[in-house]
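Q: Hey, could you walk me through this one? I'd like to go bit by bit, with follow-ups as they come up.
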Amino acid sequence: MLRLHFSRNVNPRLAVAASRYLKAPVEYCFAAPFDPAHSERFRKLNPSLRIPILEEEGRAPLWEADAIACRLSQIMGSAFWRSGGGLPDLIRWLSWGHNYFVRAADLVHWERVTRQRYGLGPIRPDFLAEGLAGFSEAAAQLNGHLHGRDFLLDDGLSYADFRVASVLPHADLADLPLADYPAVKACHDRLLTLPAWADPFEGLDAPQLPDVPKI
Ligand SMILES: N[C@@H](CCC(=O)N[C@@H](CS)C(=O)NCC(=O)O)C(=O)O
């Protein structure tokens, strides 16, 4: 039994996209773990209540999108999560993504999208400025690396491309200046040719996220 608890937010989306790309035999369960009606059940799976969470018979619940992608890749015998010689490069880009590109994009997305969507308060200019500055620095570096190549690693698509691009499906909503970084945009456009990335929720019972009010 493999069961993936997900929502349409950034990290659950990433896990669903990885799972569907791998064609893993997973039961997809839409979850709202912060809803008080469900939080007790989810606390037993992940004390932080955050999703994605993978339940697998005979193993402890697994949380964190990267760990889930690693496990599903193992199960499917796929090199999407590299092993051997390609693994350090994969880890390099996951680590870099978390610390720079994804972190900065997330900061912008949090202020412009998530806080507005859930009525958590107005945009905080200092956080937004930090996010935008971090994004332009990281995106410039990424653009330089991706120039003249299709994906992050030398030997083709890997989970690192999914992780680093995890916020990009929300780039328009967050008004991230993706067009200023043509190699990054081109790489994301290549990901969008994969049905698993373009619409990971196709055919799943997954309510849309609330609209973001115009400000
Ligand atoms: N570091 C975690 C982050 C998990 C996380 O922050 N999940 C958020 C969504 S991005 C969540 O659980 N939100 C509640 C929801 O989506 O209902 C990962 O990579 O999986």
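Q: Where does Pro 52 sit?
A: Pro 52 is in the loop between α2 (36-43) and β3 (53-56). Those labels come from DSSP runs numbered from the N terminus, with helices being H or I runs of at least four residues and strands being E runs of at least two. The residue numbers start from 1 along each chain as its sequence is written. Also, this is a predicted model, where local features need pLDDT of at least 70, side-chain atom pairs count only at pLDDT 80 or more, and totals for chains, interfaces and linings use all residues.

Q: Ok, what kind of peptide bond joins Ile 51 and Pro 52?
A: A cis one, with omega at about 15°.

Q: Which way does phi go in Lys 23, positive or negative?
A: Positive: phi of Lys 23 is near 55°, and Lys 23 is a residue other than glycine. Lys 23 belongs to the loop between α1 and β2 (27-30).

Q: And is Lys 23 buried or exposed?
A: Lys 23 counts as exposed because it has 11 C-beta neighbours inside 10 Å. The cut-offs go like this: buried takes 20 or more other C-beta atoms within 10 Å of the residue's own, exposed takes 12 or fewer, and partly exposed is in between, with C-beta atoms placed from the backbone.

Q: What about Asp 175, what's its phi?
A: Asp 175 has a positive phi of about 55°, although it is not a glycine. Its place is the loop between α6 and α7 (182-191). Asp 175 has 12 C-beta neighbours inside 10 Å, so it counts as exposed.

Q: New topic: which residues come nearest to the ligand?
A: Ser 7, Asn 9, Asn 11, Arg 50 and Ala 65 come nearest, out of 13 residues around the ligand. To count as near, a residue's C-beta atom, placed from the backbone, has to lie within 6 Å of the molecule or strand in question.

Q: Which helix gives the most to that shell?
A: Helix α1 (residues 10-22), which gives three residues.

Q: How do the shell residues divide by type?
A: There are eight nonpolar, three polar and two charged residues in the shell around the ligand. Here Ala, Val, Leu, Ile, Met, Phe, Trp, Tyr, Cys and Pro count as nonpolar, Asp, Glu, Lys and Arg as charged, and the others, Gly among them, as polar.

Q: How is the protein divided into domains?
A: Into domain 1 (2-81) and domain 2 (84-197). Those bounds come from an automatic or database domain assignment. Taken over C-alpha atoms, the centres of domain 1 and domain 2 are 21 Å apart.

Q: How many residues of each are in contact?
A: 13 residues of domain 1 are in contact with 13 residues of domain 2. Contact means that the C-beta atoms of two residues, placed from the backbone, lie within 7 Å.

Q: Which helix gives the most on the domain 1 side?
A: α1 does, with eight residues on the side that touches domain 2. That side of domain 1 has eight nonpolar, two polar and three charged residues.

Q: Now the helix pair: how do α4 and α5 cross?
A: The axes of helix α4 (residues 87-117) and helix α5 (residues 125-146) come within 8 Å and cross at roughly 145°. The axes are lines fitted to C-alpha atoms, for helices over the stretch in contact, and the angles run from 0 to 180 degrees between N-to-C directions.

Q: What types of residues make up that contact?
A: The contact of α4 with α5 has 13 nonpolar, two polar and three charged residues.

Q: What does Gly 134 touch?
A: Leaving out residues up to four places away in sequence, Gly 134 touches Tyr 100, Arg 103, Ala 104 and Leu 107. Gly 134 is in helix α5, and its C-alpha atom is 8.2 Å from that of Arg 103, 31 residues apart along the chain. Gly 134 counts as partly exposed because it has 19 C-beta neighbours inside 10 Å.

Q: And Ala 140, buried or exposed?
A: Ala 140 is exposed, since it has 12 other C-beta atoms within 10 Å. Ala 140 lies in helix α5 too.

Q: Last one: where's Met 1?
A: Met 1 is in the segment before β1 (2-6).
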